[in-house]
Amino acid sequence: MLRRTTLVVTAITAMVLSTAQGAQAHGGGFTPGASGVGDAYYPLDGNGGYDVRHYDLDVKYTPATDVLAGTATISARATQNLSAFNLDFEGLTIRSLTVDGTPARYARNGGELTITPRHGLPKGRSFTVVVRYDGVPQTIDDPNLGRTGVFHTDDGMVIAGQPDVAATWYPVNDHPLDKATYTIKVTVPEGLEAVANGALIGSRTRHGWTTWTWDAAEPMASYLVTANVGEFDLHAYKVDGIRYWDAVDPDLTETGERVFIDKAFARHPEINGFLADNFGRYPFRTSGGIVDDMEGLYFALETQTRPIYSKYFFTDQSSADNVVVHELAHQWYGDSLAVARWQDIWLNEGFATYAEWLWAEHEGRATPQQLFDANYQAIPADDPFWQLTIGDPGPVRLFDYPIYLRGAMTLQVLRNRVGDDAFFRIIKGWATTRAGGNVTTPQFIAYAERVSGRQLDDLFDTWLYTATRPVVETSAARTALPGPAAPTLRK
């Protein structure tokens, strides 16, 4: 893609410049941090040389102009002797930048912000970066992945996207490998709500503006961070030790979606309890969901503790319940267990889709095996569906339908191979022993083999890395469902 090619060229230039600057400013022993974490799909996402511990985001959003004015305070620790380091940041204008209270030099090239502090940062040193900025955040219009990022609505904004969104509204080390905790303060015109991740600490109104403060105490990947502004019916409650905040646009009261939203959201505690029975304890202290009455949002996203949903999923109760199950399952697989590299996205989407299958059985609609059989039989061997290697799909097809469905099918084949007892020990242990970390497909395969005592390379080679329909036996007697049509919405 042109955009990423351009970023590669400009970032190399920035790295050369920052190397020269760092050598002059700091002498030997200090070198610039890398301008990317080395992800094969997105080589310039994230940065090297430091680890972010906490982001304090204090932003003010004006719906009339779509201007966002922010101060990002970033607390980090150097993991090498740093002469310079990078943040990911796109589009918005920087007004000031300091490192440990001292103005620092900086240069921008594409989405790379290269910062050269006045003095080198020794390895192990904690430091604080403060960036003041403003502008109109732009929605990303990717020809392959669709529209994501900051969506400007009739009364505010919705922030949702994957894999790139964070850098469009705050400076960030933008890769799942560098999780951090967050404090998010959003100031909006009085009468509007601002809904973000974690727990609502409070709101205060002064001079016609209300500041909403949210605290996300558990580390999260940057693309899972959100801040949504508009009129919302905000409902707070607590069940089984989990605090919930549900936010629904009141305009949906006038349309048919609201009844399905309310019924699905009312099942949040029940769904989380069901998922906990299968996957282990719910990994966070807060939960909930967000639905805005906006046009142009055609996906749901597992923004940590508070997923965002397109209103278009709530056309009937089955669809509404399924999407809520899917996004809440991501709190285990995708949020708590984040991918260490984007090529392993099936570990997120396959598990969340399989959670829908388990829920269908719980609801008495179909078993996971029936759903497997129905899909397998409905999709011909020569269909392009089977031609994607879901274990390494490439960035262009990162969220294609086979990632979801074939990912779930892979898990059902694993279940059939190792048996129910080992299978549920695998998926629960995988979520609990790795909670809060980053994971890869080879790690999952090794874990499944260790728990089951079986050699499973052939199974995963066939289902994850072979671009043909695997040969399996299905039973007409247990297939009670028609094959599904390909979805028009993305979860």
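Contact means heavy atoms within 4.5 Å. This is a predicted model, where local features need pLDDT of at least 70, side-chain atom pairs count only at pLDDT 80 or more, and totals for chains, interfaces and linings use all residues. Residues are numbered from 1 along each chain as its sequence is written, and side-chain values use heavy atoms, with hydrogens and water left out.

**Pro176**
- Pro176 touches Ala221, Tyr223, Ala338, Val339, Trp342 and Asn438, not counting residues up to four places away in sequence.
- Pro176 sits in the loop between strand S11 (157-160) and strand S12 (180-189). Strands (E, at least two residues) and helices (H or I, at least four) are DSSP runs, numbered from the N terminus.
- Pro176 counts as buried because its relative accessibility is 2%; buried means under 20% relative accessible area (1.4 Å probe, protein chains only).
- Arg341 is 165 residues from Pro176 in sequence, but 8.0 Å away in space, C-alpha to C-alpha.

**Helices H5 and H6**
- The axes of H5 (residues 346-362) and H6 (residues 368-378) come within 8 Å and cross at roughly 120°. Axes are lines fitted to C-alpha atoms, for helices over the stretch in contact, and angles run from 0 to 180 degrees between N-to-C directions.
- That angle makes H5 oblique to H6. Oblique is what remains after roughly parallel (under 35 degrees), roughly antiparallel (over 145) and roughly perpendicular (65 to 115).
- In H5, Tyr354, Trp357, Leu358, Ala360 and Glu361 meet Pro368, Leu371, Phe372 and Asn375 of H6.

**Helices H4 and H5**
- The axes of H4 (residues 317-329) and H5 come within 8 Å and cross at roughly 135°.
- H4 is therefore oblique to H5.

Notes. Buried < 20%, exposed > 50% of the residue type's maximum accessible area, 1.4 Å probe, protein only.
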